[in-house]
Amino acid sequence: MSEVAQDRPADLAGSRWPRALRRGPMESVATVLIAAGVLMLLQPFALVLYTYSFVTTLAGVVMFTIVSKFPD
Amino acid sequence: MTDQTGLSGLVDRAALVTPPVVARRVRGLSERAIAWLFITPTMLLLLAINIFPLIWTIRLSFTNYRANRPNATVLDVGLANYQSILTDPDVWAAMTVTARFVFWSILIQTLLGFALAWLIDKKFRGHGLWTTLILLPMMLSPAVVGNFWTFLYQPQIGLFNYIISALTGAPASSFQMLAQVPLAPWAIVIVDSWMWTPYVMLICLAGLRSIPDYIYEAAEVDRASPWRQFWSITLPMALPFIMLAVLFRGIENFKMFDMVNLLTGGGPGSTTEVASITLKREAFEKWRTGYSSAFAIILFVTVFGLANIYVKALNRVKSR
């Protein structure tokens, strides 16, 4: 095994899990979706944003629940 | 020692009174089975009082069920309740009232809480007593606080009005904090801030106490001014804790019900009608159970999403 591979976290070393689908970045995307949904729900500017807020938050919550099981 | 003897005596007595049939059965079980035996009652209780009502609420949110007409035909209305809530300007208005309440109460609590934590962290003479006094409002029940502040806000006999009168010169009975449209939202923000600023202070204090002294010593050696030390060391290192407090108070204030209900009940008009008050009115005054179930699910998903972010932030703070 190369030195670079040895430096990586144990559960990623030798894993074929795509780097882009690691837990950290995916959780961050889900967090942004949830935050956007909450802001859309509470903003006083546009009814259309309020209308789509629940779908956005729900998508973020479902995504967060799924990606929190992904490897680090 | 006495406790241990007492405990072993209790265990011996329990072993003696256990019927032999039961004892034989338990002895034959694996450790895993015994663990399940202990966990099962709690799991069943949790399912009965938490999971089942949640699933039932989700089911009701797709129907036109009304709890005051249990014998009426229940129709499946699909996503109509959700559509109705998410396109209703009145519900949207309740959400904006909630947003204003959450924004101002968090802003005040964070500023005051951090300032108090910073002062308490200086360890001046009698700081222990002051910490205890500051923490007192947090230990009271919201129902008690609501009633207590209703009296304080009384225009004729309320202490709050007299203090404002003494400070501004305006007659004490010339304004009503809970009955005037421009003042009622602020009345609730003041009470919530009075009660929960100590909590924010505690979290900020934990953040300030976690900063090692050697960082300040190094800054002193580098001749950094106290102002520079605050902006470059204190604030950045306490920021994760402040964010944690903001997130926690945000979740709590988003679902605030008891205090608003006791102080104003959503009035005057709908000036202080936060989302939870609207939900209560729909569920128990208009008896639109299906509709209010859908509303409850929307609020639940929002709080659940915020709680996910909170747990993530908490883990980040723990790993520091």
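This is a predicted model: local features need pLDDT of at least 70, side-chain atom pairs count only at pLDDT 80 or more; totals for chains, interfaces and linings use all residues.
**View 1. A bent helix in chain B.** Helix H3(B) bends by about 40° at B:Leu47. H3(B) covers residues 31–60, and at 1.5 Å a residue its 30 residues should span 44 Å.

View 2. B:Tyr65 counts as buried, because 22 C-beta neighbours sit inside 10 Å and the cut-off for burial is 20 or more. Which residues does B:Tyr65 contact, once its neighbours within four places in sequence are left aside? They are B:Leu60, B:Val74, B:Thr289 and B:Gly290. If you widen the view to B:Lys123, 58 residues apart from B:Tyr65 along the chain, you will find the two C-alpha atoms separated by 59 Å.

**View 3. The largest nonpolar core.** This core has 65 residues. Helix H9 (residues 184–209) of chain B gives the largest share, 13 residues. Those with the most contacts inside the core are B:Met95, B:Ala187, B:Cys204, B:Val274 and B:Phe295.

View 4. B:Phe295 has its place in helix H14 (residues 289–318) of chain B. With 26 other C-beta atoms within 10 Å, B:Phe295 is buried. Apart from its neighbours within four places in sequence, its contacts are B:Ile85, B:Leu279 and B:Glu282. Now look along to B:Val317, 22 residues apart from B:Phe295 in the chain: their C-alpha atoms are separated by 33 Å.

**View 5. B:Ile215, in helix H10 of chain B.** Helix H10 runs over residues 213–221 and includes B:Ile215. Around B:Ile215 there are 14 other C-beta atoms within 10 Å, so this residue is partly exposed. B:Gln229 is 14 residues apart from B:Ile215 along the chain, and the C-alpha atoms of the pair are separated by 9.4 Å.

**View 6. Chain A by itself.** Chain A holds 4 helices and 0 strands, giving the pattern α-α-α-α along the sequence. Of its 72 residues, 22% count as buried. Among contacts between residues at least 6 apart in sequence, 63% join residues at least 24 apart. The average pLDDT of chain A is 83, and 79% of the residues score at least 70. Please read residues 1–8 with care: the pLDDT there is below 50, and beyond near neighbours in sequence this stretch has 4 contacts in the model.

**View 7. Where chain A touches chain B.** Each side has its own count: 18 residues from chain A and 18 residues from chain B take part. On the chain A side, the elements giving two or more residues are helix H2 (23–42), helix H3 (47–51) and helix H4 (53–67). Which element gives the largest share of that side? H2(A) does, with 8 residues. By class, the chain A side has 12 nonpolar, 5 polar and 1 charged residues.

Definitions and conventions:
Residues are numbered from 1 along each chain as its sequence is written. Chains are lettered from A and ligands numbered from 1 in the order in which they are written. Two residues are in contact if their C-beta atoms, placed from the backbone, lie within 7 Å. Ala, Val, Leu, Ile, Met, Phe, Trp, Tyr, Cys and Pro count as nonpolar, Asp, Glu, Lys and Arg as charged, and the others, Gly among them, as polar. The expected span of a helix is 1.5 Å times one less than its number of residues. The bend at a residue is the angle between axes fitted to the seven residues ending there and the seven starting there. A nonpolar core is a set of buried Ala, Val, Leu, Ile, Met, Phe, Trp, Tyr and Cys residues joined through C-beta atoms within 7 Å. A residue is buried if 20 or more other C-beta atoms lie within 10 Å of its own, exposed if 12 or fewer, and partly exposed in between; C-beta atoms are placed from the backbone. pLDDT is the predictor's confidence in each residue, from 0 to 100.
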